[in-house]
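Here is a short briefing on one chain. Look over the sequence and the structure first, then read on.

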Amino acid sequence: TGSANTALFKVGGTVTLNNNPITVNIGTAVGMGVYPLMTYNAGSTGSFNVTNLTIIGSALPANTVATFAVNGGYLNLVVRNVDVWTNNGNGAWNIGANWNSNPSYPQNVGDSAVFGVGSGLTTVNLAGNKTVGSITFTNANSFVITNSASTLTLDNGGNGASISVTAGTSNAITAPVVMNENTTLNVADAQ
């Protein structure tokens, strides 16, 4: 992996992108951040398939996730925190003990919030304005993120925000939501 400022591979001319899968070997420890893997002429045709990715190697820090993003002629590797809700019950978003990342909790551009622990329908009070790059619902019992006086902003630093639902049939965000950038909604079959 290259530094957070220098692309490893530069293409000076145009490139035809054929929606090919991408494989990256992370053999050297990396921290959180955006790593430019390749630059290419923004006038190139086609696209990268950033969802069909393979990451090999074992150098990602614990509780992080790596994704790919294409932005303005750059193919970037994005390494960010994964904060998982571990409280088996209702609670406030801003209480670190409710998350695996205690004492911190997801609240910054690019952070990832995963709602996965709960033996019943769980209500999470947003408890003030929060910003995250992605939200994932993984529990069959569902979560409701609420608080009409607080705003949830989706912002992944220009790399595309996301909301994913892999389990549960009653997941909801009833708090006001602001999408600061293009946001992808992924819903698994039968959800």
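**Aromatic pair and its surroundings**

Trp85 and Phe115 are both buried. The model is predicted.

**Aromatic rings**

- Seven aromatic pairs occur in the structure.
- In one of them, the ring centres of Trp85 and Phe115 lie 6.1 Å apart, with the planes at 40°, so the pair counts as tilted.
- This pair joins distant parts of the chain. Trp85 sits in strand 8 (residues 74-85), Phe115 in strand 10 (residues 112-115), and 30 residues separate them.
- A cluster linked by ring pairs takes in Trp85, Trp93, Trp99, Phe115, Phe137 and Phe143.
- Leaving aside residues up to four places away in sequence, Trp99 touches Asp83, Val84, Trp85, Thr86 and Trp93, among others. Its contacts also include Ser104, Tyr105, Pro106, Ala113, Val114 and Phe115.

**Nonpolar cores**

- The largest nonpolar core has 19 residues. Those touching the most other members are Trp93, Trp99, Phe115, Val124, Ile135, Phe137 and Ile145.
- At least two residues of this core come from each of strand 10, strand 13 (134-137), strand 14 (143-146), strand 15 (152-154) and strand 16 (161-165).
- Strand 16 contributes the most to this core, with three residues.
- A second core of 16 residues is separate; Ile22, Leu37, Ala59 and Phe68 are among its members.

- Four strands form an open sheet in the order 9-11-14-17, and their pairing is parallel.
- Two bridges pair strand 9 with strand 11 (residues 122-125) in the parallel sense.
- Ala92 has Asn125 of strand 11 as its bridge partner.

**Whole chain**

- The chain has 19 strands and zero helices.
- Its radius of gyration is 18 Å, close to the 16 Å from the globule rule for 191 residues, so the chain is as compact as a globular protein of that length.
- Along the principal axes, the C-alpha atoms fill a box of roughly 55 × 30 × 30 Å.
- Buried residues make up 42% of the 191 in the chain.
- Among contacts with a separation of 6 or more, 58% involve residues 24 or more positions apart.
- The accessible surface is about 9,100 Å², and carbon and sulfur atoms hold 49% of that.

Key. Residues numbered from 1 in each chain as written. Predicted model: local features only at pLDDT ≥ 70, side-chain atom pairs only at ≥ 80, totals over all residues. Heavy atoms only, no water. Rg over C-alpha atoms; globule rule 2.2 N^0.38 Å. Buried < 20%, exposed > 50% of the residue type's maximum accessible area, 1.4 Å probe, protein only. Contact = heavy atoms within 4.5 Å. Areas by Shrake-Rupley, 256 points an atom, 1.4 Å probe, with all protein chains shown as cover. Pairing = 2+ DSSP bridges. Phe/Tyr/Trp six-rings, centres within 6.5 Å; stacked < 30°, edge-to-face > 60°. Core = buried A, V, L, I, M, F, W, Y, C linked by side-chain atoms within 4.5 Å.
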